[in-house]
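Subject: Handover of a structure, with findings

Dear colleague,

Please find below the structure that I am handing over to you. My notes on what was found in it follow directly after it.

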Amino acid sequence: MKLIECEKLTMSYEGVSAFDNISFSLEIGDYMLIIGENGSGKSTLIKGLLGLKAPYSGKISFNGITPREIGYLPQQNVIQKDFPATVKEVILSGCIGAGGFSLFYTKAQRETAEKCIRHLHLDKICKKSFRDLSGGQQQRVLIARALCATDKLLLLDEPVTGLDAVVTAELYDLVSHLNTVHNVTIIMITHDISNTLKYANKVLHISSDSSFFGTAEEYLETDFYKEMSGGKKHDGYSC
């Protein structure tokens with residue numbers, strides 16, 4: 001079943017076209033990478049999917065989900081990394097807006113947060129200050145926070161920026177586990193193609209003059225992949 005479908009989508013940023021005529025669809029359980037150079041319109045597309053920006057033309061259709069039910073993990077900034085709250089408080093804050101705004105968390109929201117804490121094995125650090133955690137632990141907490149909004153779809157924007165190779169691999173494995181075991185649909189914006197393609201089944205590549213949407217296997221045969229990878233081999237495929 002199609003969860004999201006974009007048809008001939010064109011979006012602009014400050015009056016200038018960000019990208020033109022992009023079409024793609026996402027089904028439950030898909031893992032899609034969004035790839036493109038800086039300035040190609042990836043951030044504008046995110047705003048469209050989250051309902052923060054209307055398309056210039058074309059349309060975005062949702063089936064069984066709303067933009068408010070997308071769990072979103074943005075790129076971290078210095079302020080987020082130094083957020084003065086406990087791990088549990090940060091995770092609970094993901095419930096805000098998921099079921100209407102309120103000054104107090106409901107019993108159901110607290111149970112959802114506890115479930116996310118268990119799923120991501122954060123029980124032992126849930127009382128610690130978020131600012132005192134390592135970069136990898138902070139990203140794990142923020143994924144749990146995003147899951148409090150929904151267990152249907154996670155949108156991750158460059159989630160491993162600033163993390164070392166070991167922690168990066170652990171985070172990729174965690175996201176893959178959520179996808180394959182818990183059937184969470186994943187959209188990941190990334191420049192780390194060599195380490196993420198093995199997890200994805202779909203790729204959307206956006207460039208200034210054209211775009212590609214198809215399977216990960218089909219992407220390996222495109223000029224887009226050749227340019228991004230420098231012609232390097234990938235898992236037995238040569239481009």
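I begin with Leu 220, which sits in the loop joining helix 8 (216-219) to helix 9 (223-229); helices (H or I, at least four residues) and strands (E, at least two) are DSSP runs, numbered from the N terminus. Leu 220 counts as buried, at 5% relative accessibility; buried means under 20% relative accessible area, exposed over 50%, and partly exposed in between, with a 1.4 Å probe and protein chains only. Between Leu 220 and Leu 120 there are 100 residues in sequence and 32 Å in space, C-alpha to C-alpha.

Please note that this is a predicted model, in which local features need pLDDT of at least 70 and side-chain atom pairs count only at pLDDT 80 or more, while totals for chains, interfaces and linings use all residues. Residues are numbered from 1 along each chain as its sequence is written, and side-chain values use heavy atoms, with hydrogens and water left out.

Helix 5 itself (residues 135-149) has 15 residues and reaches 22 Å from its first C-alpha to its last. That is close to the 21 Å expected at 1.5 Å a residue, the expected span being 1.5 Å times one less than the number of residues. Among its buried residues are Gly 136, Gln 138, Val 141 and Ile 143.

Lys 8, in strand 1 (residues 2-13), has a positive phi of about 45° although it is not a glycine; Lys 8 is exposed, with a relative accessible area of 59%. Asn 21, in strand 2 (residues 16-27), likewise has a positive phi, near 55°, and is not a glycine. Asn 21 is partly exposed, at 49% relative accessible area.

The backbone nitrogen of Asn 21 lies 3.0 Å from a polar atom of the Thr 10 side chain. Thr 10 belongs to strand 1 and is buried, with a relative accessible area of 11%.

Yours sincerely

Methods: Polar contact = N/O pair within 3.5 Å; in protein donor to acceptor, adjacent residues only side chain to side chain.
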